[in-house]
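Here is a short briefing on one protein chain. Topics follow in groups, with the cut-offs given where each term comes up.

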Amino acid sequence: MAAVYKSLAKTSSKADKMDIDEDSKSSGNGVRKNKQRVLILSSRGVTHRHRHLLNDLAAMLPHGRKDVKFDSKSNLYQLNELAELYNCNNVMFFEARKGKDLYMWFSKVPNGPTIKFHAQNLHTMEELHFQGNCLKGSRPILSFDATFETEPHLQVIKEVFTHMFGVPEGARKSKPFVDHVMGFSVADGKIWIRNYEIREVAKTKGDDGDEEEEGATSKKSKKGGLDSKETDISLIEIGPRFVLTPIIIQEGAFGGPIIYENKRFISPNHVRAELRKSKASRHVARQEQTRDNLARKRKLGLENGEAFKDKSGLDTRELFA
């Protein structure tokens, strides 16, 4: 047993030396690895739809770590310590308000920045029964709209999204395949996020012209050694899909000065308050109209639908006139 232990110890020491040499060579050559880890967690009060969206995003990000619910909604700076505890440099926090509204925080730990979004039009993978499918743990292709290069705050959002949703090569639980595309587009001051599968289907024989072209390509492939198989590439939506409205961008990680604020954003609480006021004003107008109609009928003596009703001496309007 001692001889076996010595031999195993020698092999392990050699392997450790080889790893150290490879690391020193990679650092000496200037090759820098993209090391990104995302901490995904939510606050208390999330609905079932919010929870399903969180689970879908956690399944899409093999370099993420899902944690239990965070109790506080005001002391968000404590998430920095939690991220350092789990060796994560990105935080994706789902904040639920009043059991209806969902706010998403994207932060770079420990130096920032931090972006707060309002999430709307949430649709999970199982809700709409999307036809697409992809390998769990595969790396996505991130497709950004050209609008992200027009304004500074959109450039910051693009960089943060790249670190959040871009799976680094060689990450834990990741597969060496690229079979889906995540699209980010800007419209009406909002960011629309979609997820598509890259599906390749072999072409079928069609017209005579196509057959002639296929014959020509097959001859060329036989001569030049090229692949004669042709495929049609299409995109099929997988999900989830949601819309994000940027609210503020802070310089630090869950703190610091505000470097951008969306002046066009209207709080959902304000929208609901305006709806309640409009309903209340309509109710008040109806009450005033009925009161005016009753007063007009009393003046004409048409309370019970009878015109010129005979008034007796015991009528209240005669007694208290």
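Val156 sits in helix 4; helices are DSSP runs of H or I with at least four residues, strands are E runs of at least two, and both are numbered from the N terminus. The model is predicted: local features need pLDDT of at least 70, side-chain atom pairs count only at pLDDT 80 or more, and totals for chains, interfaces and linings use all residues. Residues are numbered from 1 along each chain as its sequence is written, and side-chain values use heavy atoms, with hydrogens and water left out.

**Val156 and its contacts**
- Val156 counts as partly exposed because its relative accessibility is 27%; buried means under 20% relative accessible area, exposed over 50%, and partly exposed in between (1.4 Å probe, protein chains only).
- Leaving aside residues up to four places away in sequence, Val156 touches Pro113 and Ile115; contact means heavy atoms within 4.5 Å.
- Pro113 belongs to the loop between strand 4 and strand 5.
- The peptide bond joining Gly112 and Pro113 is cis, with omega about 10°.

**Whole chain**
- The chain holds seven helices and 11 strands.
- Of its 321 residues, 33% are buried.
- Take contacts between residues at least 6 apart in sequence: 70% of them join residues at least 24 apart.

- Strand 4 (residues 101–108) is mostly covered, with eight of its eight residues buried.
- Asp101, Tyr103, Trp105 and Ser107 point one way from strand 4. Leu102, Met104, Phe106 and Lys108 point the other way, and all are buried.
- Strand 3 (residues 90–97) pairs with strand 4 in the antiparallel sense over eight bridges; two strands pair if DSSP finds at least two bridges between them.
- Glu95 has Tyr103 in strand 4 as its bridge partner.
- Three residues separate strand 3 and strand 4 in their hairpin.
- Strand 4 also pairs with strand 5, antiparallel, over six bridges. Here Leu102 is bridged to Ala119 in strand 5.
- The hairpin of strand 4 and strand 5 has five residues between the strands, and Gly112 takes a positive phi near 95° there.

- Strand 7 (residues 180–187) and strand 8 are antiparallel partners over eight bridges. Gly183 stands opposite Arg194 in strand 8.
- Two residues lie between strand 7 and strand 8 in their hairpin, and Asp188 in the turn has a positive phi of about 60°.
- Strand 8 pairs with strand 9 (residues 231–237) in the antiparallel sense over seven bridges. Ala202 has Thr231 in strand 9 as its bridge partner.
- Strand 8 and strand 10 pair over three bridges, again antiparallel. Trp192 faces Val243 in strand 10.

**Backbone exceptions**
- Most residues other than glycine have a negative phi, and most peptide bonds are trans.
- Lys98 is not a glycine, yet has a positive phi of about 60°. Lys98 lies in the loop between strand 3 and strand 4, and counts as exposed because its relative accessibility is 62%.
- Asn121 is not a glycine either, and its positive phi is about 50°. Asn121 lies in strand 5, and its 48% relative accessibility makes it partly exposed.
- A cis peptide bond joins Gly239 and Pro240, with omega about 0°. Pro240 is in the loop between strand 9 and strand 10.

**Largest pocket**
- The largest pocket has a volume of about 420 Å³. A pocket is an open set of points on a 1 Å grid over the protein atoms alone where a 1.4 Å probe fits, with protein on both sides within 12 Å along at least five of seven lines; lining residues have an atom within 4 Å of a point. Points are joined across faces, edges and corners, and the volume is the space filled by probe spheres set on them.
- The lining has 23 residues, and Asp188, Gly189, Lys190, Thr245 and Asn262 lie nearest the centre.
- Helix 6 gives the largest share of the lining, three residues.
- Elements that each supply at least two lining residues include strand 5 (114–123), helix 4 (152–165) and strand 8 (190–202).

**Cysteines**
- The disulfide count is zero, where a disulfide is a pair of cysteine sulfur atoms within 2.5 Å.
- Cys88 is buried because its relative accessibility is 6%, while Cys134 at 25% is partly exposed.
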